[in-house]
Amino acid sequence: MPDKEFKTIDEQIALLRSRGLEISDEEMAKQFLLRNNYYRVSGYSLTLRSHDVFHKAASFQNIVDIYSFDHELRHILLKYIEQIEVTVKSIYAYEFTRKYGATGYLDSSHFSNPDKHKEIIDKANKQKDSRHDHEAYIKHFVDDLKQDIPLWAYVDLLTISDISFMFAISEPDIQTAVADALGLKVKGAELIKRFMHSMTIIRNLCAHGSRLYNRLFEQKPWLSKKEQALLIKENDGTIDNAHLYGFVLIMRRLLLPDEFASMKAEISALSSRYPFVKMRYYGFRNDWKKKL
C-alpha cells in the first residue's frame with residue numbers, strides 16, 4: 001500500500017472545504033491545524049460528517065468547540081482522579097503500616113505475588129534514584145537518616161497503576177480495611193481492584209491528551225444495577241456502558257460527596273460554555289444534572 005501523501009496546511013484547508021466544511025476564519029483554522037495536527041483534529045469531526053462528507057452547516061468552529069471542550073474536560077477529570085489517587089495511597093499506607101510497620105512493604109512475604117511485588121518496588125526505586133537530587137524528602141531519608149523510606153512517604157513514588165497492583169496483592173485483611181475506609185462495605189476489595197483499573201485507564205488518556213469525545217471503551221467499567229439504570233438506554237433495550245459516563249459514576253463512589261459535587265458543577269459549567277457539544281457523545285443522559 002502506498003504511503004499517504006504529505007499535504008500542506010493550505011491543502012488541508014482545501015480538502016476540508018471540498019468535503020463541505022464551512023471555514024469562515026481561514027487564518028484561525030490554519031493556525032489550529034498547525035498547532036494541533038490534522039489527523040488528531042479529524043477525530044473530533046466524526047460526529048459532524050458521514051464518512052468524508054460534512055453535514056449541512058457543519059463548521060470548523062464546531063470542531064474547535066468540541067476539541068476545546070474535550071481538552072478542558074480532561075483537566076477537570078485529572079484533578080479529581082488525582083484526589084482519588086492521593087486518598088487511596090494515604091489510606092493504604094495507613095492501614096498497611098499499622099499492621100506491618102513503616103518499611104514492611106519491602107518484605108515480599110507480606111504479599112501474595114512476590115514477583116509482582118518486586119516489579120513494583122524495582123520500578124519505584126528507579127523513580128527514587130532519578131528524583132533523588134530534586135526531592136527533599138528522598139534526600140532526607142536516604143542521605144541524612146540513611147534509612148529506607150517509610151511507606152507513607154514512599155507511596156509518592158508509586159503511580160496510580162502501581163498502587164492498584166500493590167493493593168491487589170496485599171493480604172485480605174489489608175484490602176478489607178482499605179475498602180471499609182473508602183465506604184465500600186460489600187465486596188469492597190474486589191470493587192477497589194476494578195475501580196482503580198478503570199481510573200488508571202481514564203487517568204492515562206487524560207494525562208496524554210487522548211480524545212474522550214465519542215470514544216467507545218472496550219474495557220467497560222463495573223457498575224451496580226442502580227448505576228446501570230442511570231445509563232442511556234438504546235432503542236433495542238440495551239444500555240450504553242461504553243462511553244465515559246460509566247467511569248464518572250465510579251468516581252462518584254470514590255470521591256467524597258462534596259468533592260464529587262464540585263466536579264459535577266465544573267462539568268456542568270463547562271457544558272454551559274460550550275452549548276454546541278452534545279454530552280450524549282460522552283454517554284451522559286439528557287437529565288444527567290438531575291440524576292447524577
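Predicted model: local features only at pLDDT ≥ 70, side-chain atom pairs only at ≥ 80, totals over all residues.

Trainee: What kind of ring pair do F32 and F60 make?

Mentor: An edge-to-face one, because the ring planes sit at 90°, with the centres 5.8 Å apart. F32 is in helix α2 (residues 26-36) and F60 is in helix α4, so the pair links distant parts of the chain, 28 residues apart.

Trainee: How many aromatic pairs does the structure hold?

Mentor: It holds 14 aromatic pairs. One of them is Y213 with Y281, a tilted pair with 5.4 Å from centre to centre and 55° between the planes.

Trainee: Where do Y213 and Y281 lie?

Mentor: Both are in loops: Y213 between α10 (188-207) and α11 (225-228), Y281 between α13 (257-273) and α14 (288-291). The pair therefore ties together parts that are 68 residues apart in sequence.

Trainee: And how accessible is Y213? What about Y281?

Mentor: Y213 is buried, at 2% relative accessible area, whereas Y281 counts as partly exposed at 28%. Ring pairs also link these two with F69, Y274 and Y282 into a cluster.

Trainee: New topic: which residues have the most contacts inside the largest nonpolar core?

Mentor: Those are Y92, L244, M263 and Y282, in a core of 90 residues. Helix α4 (residues 60-100) gives the most to this core, with 17 residues.

Trainee: What is M263 in contact with?

Mentor: Leaving aside neighbours within four places in sequence, M263 is in contact with I76, L77, Y80, V248, M251 and L255.

Trainee: Which charged ends sit over rings?

Mentor: Here are two. The charged end of K116 sits over the ring of F165, 3.9 Å from the ring's centre. K278 has its charged end over the ring of F276, 5.2 Å from the centre.

Trainee: Last one: which residues of helix α1 are buried?

Mentor: In α1 (residues 9-18), they're Q12, I13 and L16. Seen down the axis, they fall within an arc of 100°, so they line one face of the helix.

Trainee: Why would residues a few places apart point the same way?

Mentor: An α-helix has 3.6 residues a turn, so residues three or four places apart point the same way.

Trainee: And what covers the buried residues of α1?

Mentor: The cover includes α2, α3 (38-42), β2 (53-54) and α4.

How values were computed: Residues numbered from 1 in each chain as written. Heavy atoms only, no water. Core = buried A, V, L, I, M, F, W, Y, C linked by side-chain atoms within 4.5 Å. Buried < 20%, exposed > 50% of the residue type's maximum accessible area, 1.4 Å probe, protein only. Helix = DSSP H or I, 4+ residues; strand = E, 2+ residues; numbered from the N terminus. Contact = heavy atoms within 4.5 Å. Phe/Tyr/Trp six-rings, centres within 6.5 Å; stacked < 30°, edge-to-face > 60°. Lys NZ or Arg CZ within 6 Å of the ring centre and 35° of its normal. Arc of directions from axis to C-beta.
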